[in-house]
Amino acid sequence: MSSSAVENCWILAYDSDGTQADNGEFVPHFTTEAEARKRADGAWAAEGGVAPGYFAYTTPRQLDQPCLIVKCGCCGKAYDEEGEGRSVHFETVEDARAVVAEDEWTVLEDGTYRCEPCTVAAELSGEAASR
Ligand SMILES: [Zn+2]
Ligand SMILES: [Zn+2]
């Protein structure tokens with residue numbers, strides 16, 4: 001686990017009840033308040049992601065805890081949603097493990113992760129070595 005200080009993510013919270021706003025698929029996380037506000041002001045709608053005004057009644061809020069991002073300990077690739085090109089953020093280690101396991105990622109005894117291609121490669125070389 002890296003201990004580098006990462007700023008907690010920002011999310012957009014609905015003004016009405018304070019719950020985290022999603023875009024219909026997931027709750028978007030932002031690295032800065034300015035970035036979140038830009039989205040809330042319609043930049044995202046302009047990019048065609050959501051309907052204009054979708055985030056009109058939201059306010060940027062910083063999360064209380066840092067998110068977890070799973071990275072392959074072999075090739076360094078961050079776990080992301082297939083084809084989405086965005087790293088998936090997790091709240092807990094349990095969450096992270098359960099989700100990445102569904103995509104054939106593995107967790108080694110030392111707690112590091114291996115992406116699916118690296119898992120396959122390790123299995124192949126392991127088999128080759130034992131022959
Ligand atoms: Zn996050
Ligand atoms: Zn890998």
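The bend at a residue is the angle between axes fitted to the seven residues ending there and the seven starting there. This is a predicted model, in which local features need pLDDT of at least 70 and side-chain atom pairs count only at pLDDT 80 or more, while totals for chains, interfaces and linings use all residues. Residues are numbered from 1 along each chain as its sequence is written, and chains are lettered from A and ligands numbered from 1 in the order in which they are written.

**Figure 1. Overview of the protein chain.** The protein chain has three helices and six strands; helices (H or I, at least four residues) and strands (E, at least two) are DSSP runs, numbered from the N terminus. Along the sequence their pattern is β-α-β-β-β-α-β-β-α. Of its 131 residues, 18% count as buried. A residue is buried if 20 or more other C-beta atoms lie within 10 Å of its own, exposed if 12 or fewer, and partly exposed in between, with C-beta atoms placed from the backbone.

Figure 2. H1 covers residues 33-46. Its 14 residues should span 20 Å at 1.5 Å a residue, and the end C-alpha atoms, 19 Å apart, agree with this; the expected span is 1.5 Å times one less than the number of residues. A kink of about 70 degrees is centred on alanine 40. Ala36, Arg39 and Ala40 are the buried residues of H1, and their cover includes strand S1 (10-14) and S2.

**Figure 3. The loop at leucine 63.** Leucine 63 lies between strand S2 (58-62) and strand S3 (68-69). This residue is partly exposed, because 15 other C-beta atoms lie within 10 Å. Not counting residues up to four places away in sequence, leucine 63 touches Asn8, Cys9 and Ile11; two residues are in contact if their C-beta atoms, placed from the backbone, lie within 7 Å. Its C-alpha atom is 5.9 Å from that of tryptophan 10, 53 residues apart along the chain.

**Figure 4. Tryptophan 105 and the cores.** The largest nonpolar core has nine residues, including Val70, Tyr79, Val100, Trp105 and Tyr113. Such a core is a set of buried Ala, Val, Leu, Ile, Met, Phe, Trp, Tyr and Cys residues joined through C-beta atoms within 7 Å. Beyond four places in sequence, tryptophan 105 contacts Tyr79, Val100, Tyr113, Arg114, Cys115, Glu116 and Thr119. Another core, of eight residues, lies apart from the largest one, and Trp10, Leu12, Ala36 and Ala40 are among its members.
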